[in-house]
Amino acid sequence: MSQWDAPARLSYWAFHADRRPAYMRFAYLQLGSDADAEDAVDATFDAIMNEWLRMLHMDRLEAYAWTVLKHRIVDQQRKRNRRPEPMDISAFEAALKDAAVDPYDVLTDTIQFYSAVSRLAERQRDAVLLRYGLQCTTGEAAAVMGVEEATVRSHISQALRRLARLLAAPRDGKPGS
C-alpha cells in the first residue's frame, strides 16, 4: 500500500470504512461469533487490499468484493469445522413476538422458517438476510452486494414466493395432512 498513489489509498480506506460495518453484521449472521466474523472480514479486506489496484479498473468492484467476503466466510466456517448456519435467529425473532402466541408454536415456526431460508438460492438468501435480517434498505443491500436495486428486489420477490411455497407445505411432508 505504501507504493500506491494518494487517490488509490484514499479510495481503499473509503471503501473499507463504508463496507466494513455491513460486512461485519453479515458475517456475524453467517458465523454466529464476533471473533469469527472479525477474522472473516479482516481476511476479506486483506484480500481486497492485495487486489485493490486491479479492482479499481473493474466495472463491478462492489460485486467482486462481495464475492471475496462470501469466500472468506466459507473459509472461516471450514476453519472452525462448523456446518454453515443460515443466520442468527435474533433478527427475525422480534417479528414473531406476540404475547398471545404459544412459545412452542413460535419455536416450531421459527425452525421451519430458518430451514426454508437455508433452501433459498444463495443470492436470494443474501438479499433476504441483508434486507430483513439486517434491516438494510433495498439500496443499501444492492450497494453491499454490488448489484442494482432492481436485482435485489427481484431476488427478494423470488425468495418470498419460494418461502411461501416452502412454508405452505404440510409440516410432516405428506399431502393432505
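The structure described is a predicted model, in which local features need pLDDT of at least 70 and side-chain atom pairs count only at pLDDT 80 or more, whereas totals for chains, interfaces and linings use all residues. Residues are numbered from 1 along each chain as its sequence is written, and side-chain values use heavy atoms, with hydrogens and water left out.

Helices are taken as DSSP runs (H or I, at least four residues), numbered from the N terminus. Helix 1 and helix 6 pack with their axes 11 Å apart and at an angle of about 110°, where axes are lines fitted to C-alpha atoms over the stretch in contact and angles run from 0 to 180 degrees between N-to-C directions. Helix 1 and helix 6 are therefore roughly perpendicular to each other. The crossing of helix 1 past helix 6 is right-handed, a term applied when the near helix is turned clockwise from the far one by less than a right angle. At this packing, F26, L29 and Q30 of helix 1 meet D126, L129, L130 and G133 of helix 6, with contact meaning heavy atoms within 4.5 Å.

A nonpolar core is defined as a set of buried Ala, Val, Leu, Ile, Met, Phe, Trp, Tyr and Cys residues joined through side-chain atoms within 4.5 Å; buried denotes under 20% relative accessible area, exposed over 50%, and partly exposed the range in between (1.4 Å probe, protein chains only). The largest such core has 34 residues, and those with the most contacts inside it are F15, Y23, F26, I48, W52, W66 and L130. At least two residues of this core are supplied by each of helix 1 (6-31), helix 2, helix 3 (61-79), helix 6 (122-133), helix 7 (138-145) and helix 8 (149-168), and helix 1 gives the most, with 9 residues. Apart from neighbours within four places in sequence, L130 is in contact with F26, W66, Q135, C136, A141, V144 and M145. A second, separate core of 9 residues includes F113, A159, L163 and L166.

M49 is placed in helix 2 (residues 34-55) and counts as partly exposed, at 26% relative accessibility. Its contacts, leaving aside neighbours within four places in sequence, are with M1, W4 and Y12. The C-alpha atoms of M49 and W13 are separated by 9.5 Å, these residues being 36 residues apart along the chain.

Across the whole structure, 9 salt bridges are found, each being a side-chain nitrogen of Lys or Arg within 4 Å of a carboxyl oxygen of Asp or Glu. One of them joins the side chains of K70 and D126 (2.6 Å, N to O). K70 lies in helix 3 and D126 in helix 6, so this pair ties together parts that are 56 residues apart in sequence; both K70 and D126 are buried. Within helix 2, E51 and R54 lie 3 residues apart, about one turn of the helix, and their side chains meet in a salt bridge (2.6 Å, N to O). E51 is partly exposed at 28%, as is R54 at 44%. In helix 3, R72 and D75 are likewise 3 residues apart, or about one helical turn, and form a salt bridge (2.9 Å, N to O). Finally, D36, D39 and R80 are linked in a network of salt bridges.

Terms used: Parallel < 35°, antiparallel > 145°, perpendicular 65-115°, else oblique.
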